[in-house]
Structure formats: C-alpha cells, structure tokens
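Here is a friendly note to read with the model open beside you. Take the points in order and find each residue as you go.

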Amino acid sequence: MIELKELRKSYKTGDFVQKALDGVSLNFRDNEFVAVLGPSGSGKTTLLNVLGGLDHADTGELVINGVSTKDYKSADWDTYRNHHIGFIFQSYNLIPHQSVLSNVELALTLSGIPRAERKERATRALERVGLGEHVDKRPNQLSGGQMQRVAIARALVNDPDIVLADEPTGALDTETGLQVMDLLSEIASDRLVIMVTHNPELAYTYANRIVKLTDGRVSDDSNPFEIGAPQSATQAAGAPIVGGVNPAPTDATPVQATDVPSAVVGTQIVGGVNPAPTDATPVQAAAAAPSKGRKKHASMSFLTALALSFNNLMTKKGRTFLTAFAGSIGIIGIAAILALSNGVNNYIAKVEEDTLSSTPLSITKSSFDITSIMTQAGGYSRSSTEQQAAVDANVIPESTVMSDILTDVKNNDLVSLKKFLDSEESDVDKLVNAITYNYGIEPQIFKQDTSNGVKRLNPGTLKGIVSNGINSMSMFSSFGTTNAFQEMLDDQELLDKQYEVVDGRWPEKYDECVLVLSDNGRISDYTLYALGVLDPDKLEEMLKAAIQSEEIDVPDAHIEFTYEDALNLTFSVVNQCNLYTLSGDGKTWTDRSDDTDYMKEQIAQGTPLKIVGIVKGRDTASSTALSEGIAYRHDLILHLIDEASASPSVIAQEEKPDTDIFTGKTFDELQNND
Ligand code: ADP
Ligand code: MG
C-alpha cells in the first residue's frame with residue numbers, strides 16, 4: 001500500500017518557479033491498475049518519478065506499507081527501486097548493441113544476481129511477454145511493439161510489486177498499443193500498475209481506476225482508496241482485470257501474512273486466482289526487514305555505468321557512419337540516465353565494480369545526448385511527428401534523423417581532462433577501479449606464418465565486407481562489431497575475481513596475451529577464423545556467397561584445437577608506422593601494406609605476440625570484462641607508441657608538422673581542396 005500525503009514539488013529555472021506537484025494526496029492499493037490522465041505538463045511524469053523513488057518531493061510524505069520514507073537512506077532507496085519497482089518508458093530505453101536477452105538480464109545485474117540465474121529469469125520474463133523466440137535479436141531487429149514488450153520483460157524480471165509506466169504506448173500505433181495494454185493489464189492481475197497516458201480511451205478500457213491531474217493537483221479520482229477500507233471492495237467494481245497469469249515461483253520470500261495482512265487480502269481476490277505465494281512480497285520489507293531473502297540490500301547503487309563505447313565512432317575508415325554508429329553505442333539505459341539526475345551515490349558494492357568493468361564509463365572525444373538518440377532510434381520521435389503536422393500536404397514529410405544526430409555531437413577536451421585526472425587535485429583514484437586511456441590505436445596484428453600469404457587478423461578483414469555488403473539490420477551485423485582482439489583491463493585483481501586460468505598464466509609483458517574462452521569454456525569457429533587458425537579468407541568467401549545468396553560451400557570445420565596448440569600460437573604485430581616507406585622522389589611516403597613481399601618482411605620483423613595463457617569466466621562471477629578471443633595488455637599499445645616515436649615516417653612528419661608526408665601538400669591545401 002502506498003500513501004502520498006500532500007506532495008509538493010517545484011522546479012526553478014532562473015527566476016521562474018514551476019509547480020509540478022501542488023499538494024497531491026493519493027493512496028494506492030497493492031493490486032490495482034491505475035491510469036493517470038492529464039494534459040502535458042500537468043505533473044504526471046513527476047508524480048511517477050516520485051513514486052518510483054527516482055525523484056523526491058520538496059514537501060509532503062511518501063509512505064510505503066505504513067513506513068514513511070522520510071528516513072530512507074540512499075541504500076534503502078536503491079533496494080526499493082531495484083527490488084520493488086519496474087519502470088516502463090515511452091522510448092523503451094533499450095541498449096541497441098546488446099541482445100534482447102542481455103537487455104533484460106541487465107536489470108538483474110543491477111540487483112547482484114549470479115549469471116546462470118539471471119539468464120534463466122530473463123528468458124522466462126521474455127517468454128512471458130511472448131518474445132521467447134527473439135532473445136538473441138538486437139532491439140533494432142524488432143518492431144516498436146516488440147521493443148516495448150522487451151522493456152516490459154525488463155521491468156518484470158525482478159518481479160516487482162509495483163510497475164510504473166510512463167506513456168508506454170505513446171510511440172506505438174493503435175494495434176500494437178492495444179497489445180501492450182493487454183499485457184499490462186495481465187501484469188496488473190497480481191500487482192499495482194500505475195500508467196501515465198494521455199489517451200483516455202485506453203485508460204477507460206483497461207484501467208480500473210482513473211486519476212486525473214490538472215496543474216499538479218488531483219482533479220478527479222474514479223475509485224479512491226480510503227486507508228482502512230478493505231482493498232478488495234472497490235476492486236470488484238472496477239474494469240475487468242485479466243485473470244492471473246502468475247509468474248513461476250522465484251526465490252522471493254513468501255508473503256508474510258502476519259506482517260502485512262492487506263497485501264494478502266488484495267492478491268487473493270483478483271480474478272479468483274490465487275497467486276503463487278512468491279508474488280507479493282510487501283514493499284515494507286525494504287526498510288523493515290533488510291535481512292530476509294529478497295529483502296536484502298540492493299547490491300547495485302543507482303549510479304551504474306554509462307557504457308558509451310564510441311571508440312569506433314567516426315575514427316575508422318571504410319565504415320559508414322551509420323554502421324559505426326549502430327555498433328558503437330552502448331548505454332546502460334534507464335538506470336544510468338536517471339542516476340544522472342539523482343546525483344552520485346557513495347554506495348559502491350562489489351557487483352557495481354564488476355558491472356563497471358564489463359560496461360565501463362567511457363568518456364570519448366565526441367559524444368552526444370543519449371536521450372535524443374534513444375528517441376530517434378525508436379523511429380517515431382515526437383519531433384518528427386510534429387514536423388509532419390506542419391508541412392504542406394503535397395510534400396512527403398521528412399524526419400531529420402541524421403542531421404539531428406549530427407548536430408547533437410559535442411566534442412570533449414580530453415587533454416585537459418587527462419591533465420586534471422593526473423593531477424593530485426582530482427583524487428580520482430579513490431573513486432574508480434581503474435582508468436584506461438584509449439589512444440585510438442588499433443594494433444595491426446598478422447598471422448605470423450606467411451607461407452600461405454599475408455593474413456591480417458586485426459583489424460579483422462571481415463568487417464569490411466560486413467559493413468559494405470549488408471546493411472546493419474541484417475543477421476550478420478553482429479560480426480561487424482565483433483573483434484577477436486581486445487585490450488584487457490589494467491586491473492589484475494578484478495580479472496582474477498572474474499576469470500580462472502585454465503592453462504598457462506596471465507600475461508606479464510607487452511608481447512604476451514591470453515586466449516579468452518567463452519563462458520562455457522568453448523571457442524567458436526568464428527574466433528578460430530578470426531585468429532587465423534582456420535583460414536579467414538575462407539570465411540570471407542562464405543560470407544560473400546551468403547550475401548549474394550549463392551550456394552555456400554561450408555567446410556567440415558571440425559578441427560581439433562588443443563590447449564597446447566593455443567599456447568604455441570604467436571601473432572606478429574606490425575607497427576603502423578612501418579607500413580610506409582620513403583618514395584623515389586625522396587619527399588613523400590608510400591603505403592606499402594598491399595605489397596606482399598614487403599609485408600612478409602615486416603611481419604617477420606614485427607613484435608611477436610605470444611599466447612601465454614587460456615582463461616575462462618568463473619561460474620560465480622556476476623559479470624565478465626573480456627569477450628571471447630585474444631586479450632593483450634595496455635603495455636602493447638604503449639610499446640607501439642614508443643616504437644613509433646623513433647620511426648623514420650613519424651620523425652619525417654614531426655619535422656614538417658604543416659605538410660602531409662603522404663601527399664607532400666600542406667594540411668591547409670588539403671582542407672581547401674575538399
Ligand atoms: P507531464 O508528464 O504531465 O507532461 P511533468 O511532470 O513532466 O508533466 O512536468 C510538470 C511540470 O514541471 C511542467 O510544467 C514541466 O515543464 C515542469 N518540469 C518537469 N521537469 C522539470 C525540470 N527538470 N526542470 C524544470 N521544470 C520541469
Ligand atoms: Mg510526461
């Protein structure tokens with residue numbers, strides 16, 4: 001049971017004070033489907049945010065199962081949000097580059113649940129919303145209605161007592177909107193669902209209580225709840241609630257009838273279906289009994305991670321902006337976005353560290369406003385709808401997705417940031433696990449044995465065809481961003497926590513690396529191709545054939561690749577600066593990377609990169625930082641930088657900072673030629 005007492009909240013912008021909530025008093029039953037209606041700006045979102053603990057009122061009180069939240073500490077709010085509340089937003093807030101399954105699992109990562117269980121529960125939640133067959137897809141391969149169902153599965157996976165939905169159908173067409181509403185009312189069969197909408201028709205059809213907000217005040221309530229009245233009485237009179245589909249029992253603590261009798265009364269009445277005893281853990285638990293089962297503290301604070309892996313963005317040749325764009329955004333979504341408006345939380349638990357290592361907070365040279373991107377990604381951004389209304393009826397309306405995105409790009413001054421972080425003033429070491437500086441250097445890694453020709457393994461040649469040959473929606477798009485080589489975290493302690501060494505040892509020097517197996521201890525044929533164990537050219541041929549719908553000659557790829565084979569594998573790293581030699585004119589430099597004989601020579605002289613160990617994620621780790629393939633040390637990059645500073649091509653460029661050594665023209669000239 002939730003009580004709101006005289007909530008007030010205003011926003012100050014400059015001298016102007018906007019009252020968002022102006023004395024809202026409302027009580028909610030443990031089990032009802034409430035629709036909040038009201039014009040834009042009437043305070044609906046603010047009300048939902050306060051209810052969900054994402055925001056706090058200036059005055060007034062929020063009472064959860066008889067316990068005031070006045071004395072809630074930030075850890076109590078974390079528990080409340082992570083274990084008792086599920087959020088659903090209009091713009092889905094899904095992470096584009098992660099699978100549907102990972103998107104849902106993420107909600108559990110934040111609650112500190114072990115990996116195997118996470119996967120199982122996420123799968124179950126997705127099956128419940130009818131997406132069992134789409135778990136491996138990425139959000140951009142789904143329709144709007146399906147994306148919203150993923151968001152609903154994400155909201156449900158923690159089995160929350162309360163689901164808050166802010167205009168969940170706002171971006172959907174009528175029919176898919178109805179499907180989502182069906183799903184929501186099914187969810188409402190055994191918990192409290194509060195939905196904000198400005199569609200009265202939907203509200204009256206589905207909800208069993210309508211609350212109207214006007215200028216931050218409750219102007220109407222179709223089914224008010226007086227504290228002390230039995231929760232069931234009014235419910236029977238309301239709109240039909242679809243008979244209960246109960247989620248399979250979870251590890252949740254059974255309802256404690258003695259603690260909160262009202263919760264039990266409420267849940268037993270609905271549709272005559274007895275919910276599984278696990279469904280209705282009273283919210284009160286958060287504050288009252290932190291030691292029992294699911295009532296434990298959330299081990300993830302709300303400030304999580306903003307995984308903006310823009311490493312690739314606009315730096316790599318040969319990839320279209322969009323492919324780079326689709327592949328390089330990763331966002332921890334809601335949690336992080338909302339955390340930014342909630343301030344930094346001091347409370348950092350183990351799981352948070354783990355999560356941050358797999359989805360680190362990245363600060364990149366170019367960045368942009370996430371929310372706008374998320375809205376664009378939804379395809380039905382509000383701004384484009386408005387634009388459509390404004391134009392001449394004869395003109396096909398344009399939605400300016402690309403220009404909106406591009407004008408949103410901002411540049412960060414990373415040099416100053418690094419100076420600050422390096423200075424004593426920042427004291428940043430206390431706040432972070434590890435800082436890694438990425439210099440945008442991707443080591444050129446080759447198969448050491450050149451008897452069958454020059455095989456470059458990193459950056460993989462596969463990427464080229466993938467981004468040129470197929471669009472980013474296709475089934476192969478995941479290859480576009482997969483790379484078998486990666487730099488590993490500079491934090492051995494964290495790696496030890498997450499990984500066990502299956503054979504050999506961790507690398508200690510710049511020219512050593514490890515082979516990372518998949519979590520179940522396997523290695524995929526894709527990785528074997530990418531490492532040059534199987535011939536990467538063969539895979540490229542097959543992919544090209546597949547793209548052109550030709551018959552594919554799939555080799556019987558079963559080979560035996562032993563631990564010993566792996567530990568005998570050495571790659572060759574050729575420094576980029578050595579790809580160039582002085583031309584005959586004695587002035588300009590020529591790229592020799594297409595010259596096989598020259599490259600064979602360079603590969604023979606390159607830095608050998610030797611696999612010294614094989615590692616695999618621990619079953620007990622709640623997250624793992626590395627992906628399958630090869631992980632090399634940051635030292636390797638430093639070594640390459642060091643080596644480059646002494647190379648003839650770099651020295652030549654440094655001597656003539658204004659002239660491009662490849663063309664002999666000044667940079668000014670080159671720019672004006674464009
Ligand atoms: P609704 O969801 O009903 O459209 P909101 O709760 O978002 O309304 O907003 C209520 C009022 O508070 C509006 O006038 C809005 O402009 C104002 N408001 C909301 N959030 C902020 C904010 N972060 N800063 C300033 N004003 C805000
Ligand atoms: Mg709103």
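This is a predicted model: local features need pLDDT of at least 70, side-chain atom pairs count only at pLDDT 80 or more; totals for chains, interfaces and linings use all residues.

1. Residues are numbered from 1 along each chain as its sequence is written, chains are lettered from A and ligands numbered from 1 in the order in which they are written, and side-chain values use heavy atoms, with hydrogens and water left out.

2. Start with the surroundings of ligand 1, meaning residues with a heavy atom within 4 Å of it. They are Y11, Q18, A20, P39, S40, G41, S42, G43, K44, T45 and T46. By class, three are nonpolar, seven polar and one charged (Ala, Val, Leu, Ile, Met, Phe, Trp, Tyr, Cys and Pro count as nonpolar, Asp, Glu, Lys and Arg as charged, and the others, Gly among them, as polar).

3. Which atoms approach the oxygen atoms of ligand 1? A side-chain N or O atom of Q18 is 3.3 Å from one oxygen atom of the ligand. From the backbone, a polar atom of S42 is 3.2 Å from a ligand oxygen, and an N or O atom of G43 is 3.1 Å from a ligand oxygen. A polar contact here is a pair of N or O atoms within 3.5 Å.

4. On its own, ligand 1 exposes 560 Å², and the protein buries 64% of that (Shrake-Rupley method, 1.4 Å probe). Two elements, β2 (16-28) and α1 (44-51), each give two or more residues to the shell; α1 has the largest share, with three residues. Helices (H or I, at least four residues) and strands (E, at least two) are DSSP runs, numbered from the N terminus.

5. Now look at helix α3 (residues 100-109) and helix α4 (residues 115-128): their axes come within 9 Å and cross at roughly 120°. The axes are lines fitted to C-alpha atoms over the stretch in contact, with angles from 0 to 180 degrees between N-to-C directions. The pair is therefore oblique. For α3 and helix α5 (residues 144-156), the angle is about 30° and the axes are 8 Å apart, which makes them roughly parallel (under 35 degrees; over 145 is roughly antiparallel, 65 to 115 roughly perpendicular, and the rest oblique).

6. Finally, two backbone details. Most residues other than glycine have a negative phi, and most peptide bonds are trans. N93, in the loop between β6 (85-89) and α3, has a positive phi near 50°. The peptide bond from N458 to P459 is cis, with omega near -5°, and P459 sits in the loop between β14 (456-458) and α18 (462-469).

Definitions and conventions: A polar contact is a pair of N or O atoms within 3.5 Å; within protein, one must be able to donate a hydrogen and the other to accept it, and residues adjacent in sequence count only if both atoms are side-chain atoms.
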